[in-house]
Amino acid sequence: MDARRLRHFRKMLLQEVKRHAQLVSEDQAAAIDAAGDGAKESADLSLRDVIEEIALKLGDQESQMVADIEQALMRIREGSYGICARCGRPIDERRLEAMPTARYDAVCQTAIEEAKGNSAHRSL
Ligand SMILES: [Zn+2]
C-alpha cells in the first residue's frame with residue numbers, strides 16, 4: 001500500500017480513537033490530536049501511551065475496540081498494515097474502508113469465524 005493510502009487509513013483510525021477518547025475526557029481527545037500529528041517514531045510511542053490510558057478508562061467492549069485501533073496503528077508503523085495476518089495476501093481496500101482495524105481478508109475472516117462458531121459462541 002502506498003504512503004498516501006496509509007496516511008488516509010491512519011487518519012481514519014485516529015478519528016475513531018478520538019471518538020472513544022471523547023467519552024473519557026476532552027483532554028484525552030486533545031492528547032490524541034497532539035500525539036497523532038507527529039510523523040516521528042517518538043510521536044507514535046506517545047500516541048500509544050495516550051491510547052492505553054484511554055483504554056483503561058473505558059468499559060470492556062470499548063476498551064477492546066481501542067486496543068484493536070492501537071494495534072492497527074502499530075501495523076501501519078511496522079509496514080504490515082493491510083496484509084492479511086493469516087494468508088499474507090493484501091486485504092481489499094474497500095474492506096479496510098469499512099473496517100480499518102481489519103487484520104484478515106474476507107476469506108480468512110470467514111474461515112476463522114466458522115472455526116470459532118463450531119467451538120464456542122462468537123467473541124464479538
Ligand atoms: Zn487471508
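Reader: How do you know that the end-to-end distance of α4 agrees with its 19 residues?
Author: Expected span is 1.5 Å times one less than the number of residues. For the 19 residues of α4 that gives 27 Å, and the end C-alpha atoms are 27 Å apart, so the two agree. This is a predicted model: local features need pLDDT of at least 70, side-chain atom pairs count only at pLDDT 80 or more, and totals for chains, interfaces and linings use all residues. Numbering runs from 1 along each chain as its sequence is written.

Reader: What makes a helix a helix here, and which residues of α4 are buried?
Author: Helices are DSSP runs of H or I with at least four residues, numbered from the N terminus. Buried means 20 or more other C-beta atoms within 10 Å of a residue's own, exposed means 12 or fewer, and partly exposed is in between, with C-beta atoms placed from the backbone. V66, I69, E70, A72 and L73 are buried in α4.

Reader: How do you know that they line one face of the helix?
Author: The arc uses directions from the helix axis to the C-beta atoms. The buried residues of α4 fall within 160 degrees, so they line one face. On the other side, D60, Q61 and E78 are exposed.

Reader: What is I69 in contact with, leaving aside neighbours within four places in sequence?
Author: Contact means C-beta atoms, placed from the backbone, within 7 Å. I69 has L13, E16, V17 and T101 as such partners.

Methods: Two residues are in contact if their C-beta atoms, placed from the backbone, lie within 7 Å. Helices (H or I, at least four residues) and strands (E, at least two) are DSSP runs, numbered from the N terminus.
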